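Hi,

Here is the structure I promised to pass on.

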Amino acid sequence: MKNNLAERRASRNWTQADLAAALGVSRQTVISIEKEKFDPSLPLAFLIARTFGCAIEDIFTAE
């Protein structure tokens with residue numbers, strides 16, 4: 001699954017650690033999602049979208 005998480009995070013001047021803390025996950029999880037090596041669970045995807053104030057589809061798209 002493609003995503004623009006790194007761009008959204010950078011636009012807020014957040015580090016990967018900042019985002020990880022906001023989501024309650026490890027920095028490694030954020031890295032893996034950004035590099036598209038790991039697809040988040042549905043609850044985590046909803047939390048990511050809520051954190052950025054947008055819909056899941058605005059961040060994640062099917063390949």
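Helices (H or I, at least four residues) and strands (E, at least two) are DSSP runs, numbered from the N terminus. By that reading, the order of elements in the protein chain from the N terminus on is β-α-α-α-α-α-β, which comes to 5 helices and 2 strands. The radius of gyration, taken over C-alpha atoms, is 10 Å, close to the 11 Å from the globule rule (2.2 Å times the number of residues to the power 0.38) for 63 residues, so the chain is as compact as a globular protein of that length.

Two notes on the source: this is a predicted model, where local features need pLDDT of at least 70, side-chain atom pairs count only at pLDDT 80 or more, and totals for chains, interfaces and linings use all residues. Residues are numbered from 1 along each chain as its sequence is written, and side-chain values use heavy atoms, with hydrogens and water left out.

Of the 63 residues, 35% are buried (under 20% relative accessible area, 1.4 Å probe, protein chains only; exposed is over 50%, partly exposed in between).

Helix 2 is worth a look. This helix spans residues 16–23, with Gln-16, Leu-19, Ala-20 and Leu-23 buried. Down the helix axis, these buried residues fall within an arc of 100° (from the directions from the axis to the C-beta atoms), so they line one face of helix 2. They pack against helix 1 (5–11), helix 3 (27–34) and helix 4 (42–52), contact meaning heavy atoms within 4.5 Å. After helix 2 comes Gly-24, with a positive phi near 75°.

Best wishes
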